[in-house]
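Here are some friendly notes to read alongside the model. Have a look at the fold before going through the points.

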Amino acid sequence: MIQTFASGLVRQTVFALALLAPGFAVAAESAAVTSPRVTATLLSSRDTVAPGERFQVALVQKIAKGWHTYWLNPGDSGEATRIEWTLPAGVTAGAIQWPAPKALPVEPLVNFGFENALLLPVEITVPENARPGERLTLQANATWLVCEKICIPEEGAFTLDLPVGPAGIADDAAQARIDAAIAAMPQPAGFRGRLAADGDKLALILPGLNKGLTDLRFFPLSDSLIEHAAPQTPASAADGTTLQLTRSGAFKLEAAEITGVLTFKDGGLPRALSLSADADPALVTAATGDATGVSAAPRPAVLRLLVPAEGANLTLWAALAFAFAGGLILNLMPCVLPVLFIKALGFAQLARASRAEVREQGLLFLCGVVATFLLLAGAVVALGALGTSVGWGFQLQSPPLVIALAVIMTLIGFNLLGAFEFGTSAAGIGDGLASRGGRVGAFMTGVLAVVVATPCTAPFMGAAMGYAVVQPPTVGLAVFMALALGFALPVVALSFAPGLLRLLPKPGRWMVILKQAFAFPMFATAIWLIWVASVQAGPGGVLAALVAVLAAGFIVWLFGVTRGTGGVRFVTSVFAVLVALGAGWFVVQSAVPPATTEARAGDMQAWSPERVAALQAEGRPVFVNFTAAWCITCLANERVALSRQEVKDAFAKLGVVYLKADWTNRNSAIAMALAEQGRAGVPLYLFYPARRDAQAEILPQILTSDMLITAAERAAGRDLKTAANLP
């Protein structure tokens, strides 16, 4: 008896330790995937498996305090954990076996999920033809959403390498953990419930449930059945218990049966039942109609003109016209403003030149613009052919390129201030090249104008770019060419209209002052780009940018103070190349985006297609802001319209959920969503009506507060006067 007692005590002790420490390697267990929020492993109940055997593995999650993951129906928000398997031939994996969830209030919502520790068993079947001596490698890729006040998607890759033997060998500790988890799962109810209408609510009739139970709660598998945050009120009935539920605003029954989990306490002990219930035919019939009764408001004619619903519906000629108009308007966008200063300075200098030279400068600027646009178009087409989703401004998703552009802007600023001059004296280039400096400068001004313009998407331009990226390469290049011609038109037209240039004041000291004044927009742009790098890569991005600026300044200074013989110039050039390579290596190593980007706290939530679908199913209007830190147009809209208090108040009164899709760093899901809407870049603003599967309304790329409030009213199906009278 003592021996038996001791053996049981040892087993219980090991089991308790295993529960407290999921990483405790007492069984075949994968390496842990760890974040500050979740530590996850894949655990096997067998150390050795046998041919034809069925055994359990489990995804084990240890969740940090205050955080939670989600059940199959996540409630008002969230996403269930998923496991994708890569298995040897003949090996099969069953579905996840889910424990009973908890109701997790996140005011004013309620989520369904799990806290602290979670074990999700999955049954694995070994094929009969497995041979002893072989090894079975089970690979699983799991994804889960972990939330507190913010939600962070996480994932992990797990591998179990199990030997095949003539007989299976269980690991007692692992088996005990998995058995305990399975034993605590919802058990069959042993009776069928019934769902009936109860006025504007629902009555879940539970005829086989004992009286005197407490803390009753029903968790339906369907996310469109009930309001998850509403109270569930039990009442005694002659044949059992009735649970009163509040039907969802997007109430929908796809079949005459509902399933879910019923939790309660019996004598203070928690219990859970797996429940099926028959729905009254009247509920099924009512659910086939429009749950909200809100008809889709037609898009105003001005919106149909400015922003077609889908870029793919454009004809080629329409796409070319939109691209040309978008390129023309792009000159007025805030991200191009610094280069407009350079253009203005060039105009003042051209006013003193001959008519032929003026035209030559304009055509060289055009060549720089066209060459750069076609280079970007070629990159988009090539990457698309390789299966990589990219869009307009994609190069600014690379922190090293953002930092390089910041360095260029800084050097231009100091050049305009006169700290150094590009030419024979400062750079030691030689008289021949110096004489061609004006031509090279005109071409490079066109190049720089395009590079700086890529963070912006002008009206008309978004639809044209969306059309271009899904067409054959020749058509896509033609659309980019139209965009380039529209973008270059003002400068080229001015170069062929010398009468306009004569309107400028006569050359004098004002040109030196203006040239120096133009340096400060360059510095402002460099500061903005360094901030973009900080958003993309954190403090490491800022350090990399500052080191790059220091190295570039040192190289320019080095060339300036070592003007002399060819030997000194050669040594200087070699040393400058070494400094540039060292700084470049440091930038590439330091400016690495974080592995995961956390959603920002505030009055917005992180975007995902599943989140949009879930909110629409609940009958809530959804506003989605596709944006990026490097997009000046996006930032301007946020300052001018989205951050206005009247817009926030309107969204709150109408129940609009604000989702943000941040494309600052590369994100294939966002790129795919942009492509689905016929767009190739940001900004993109979508308003989803408060109806399941309803199509989104695309707003113009330049927002106003009145436009947002009106669109919110259309999406909600009611105006603010009506909304103000609601509780």
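Predicted model: local features only at pLDDT ≥ 70, side-chain atom pairs only at ≥ 80, totals over all residues.

**Notes on the model**

1. Residues are numbered from 1 along each chain as its sequence is written, and side-chain values use heavy atoms, leaving out hydrogens and water.

2. There are 14 aromatic pairs (rings of Phe, Tyr and Trp, the last by its six-membered ring, with centres within 6.5 Å; planes under 30 degrees apart are stacked, over 60 edge-to-face, the rest tilted). One of them is edge-to-face, since the ring centres of F373 and F487 are 5.9 Å apart and the planes stand at 75 degrees. F373 belongs to helix α7 (residues 355-385) and F487 to helix α13 (residues 473-495), so this pair ties together parts 114 residues apart in sequence. Both F373 and F487 are buried.

3. F687 has its own partner: its ring centre is 5.0 Å from that of F623, with planes at 50 degrees, so the pair is tilted. This links strand β23 (residues 622-627), which holds F623, to strand β25 (residues 684-688), which holds F687, across 64 residues. F623 is buried as well, at a relative accessible area of 0%. Ring pairs join F623, F651, Y658, Y685 and F687 into a cluster.

4. Now to the open sheet, where five strands run in the order β1-β2-β4-β10-β7 with antiparallel pairing (strands are DSSP E runs of at least two residues, helices H or I runs of at least four, numbered from the N terminus; two strands pair if DSSP finds at least two bridges between them). β1 (33-34) and β7 (92-93) are the edges, because each has a single partner strand. β2 and β4 (residues 54-63) share seven bridges, and A40 has Q61 in β4 as its bridge partner.

5. Also worth a look is S44, in strand β2 (residues 38-44). S44 is buried, with a relative accessible area of 0%, and its side chain reaches the backbone oxygen of R46 at 2.8 Å.

6. Finally, which helix contains V574? V574 lies in α18, and at 37% relative accessibility V574 is partly exposed.

Terms used
Buried < 20%, exposed > 50% of the residue type's maximum accessible area, 1.4 Å probe, protein only. Polar contact = N/O pair within 3.5 Å; in protein donor to acceptor, adjacent residues only side chain to side chain.
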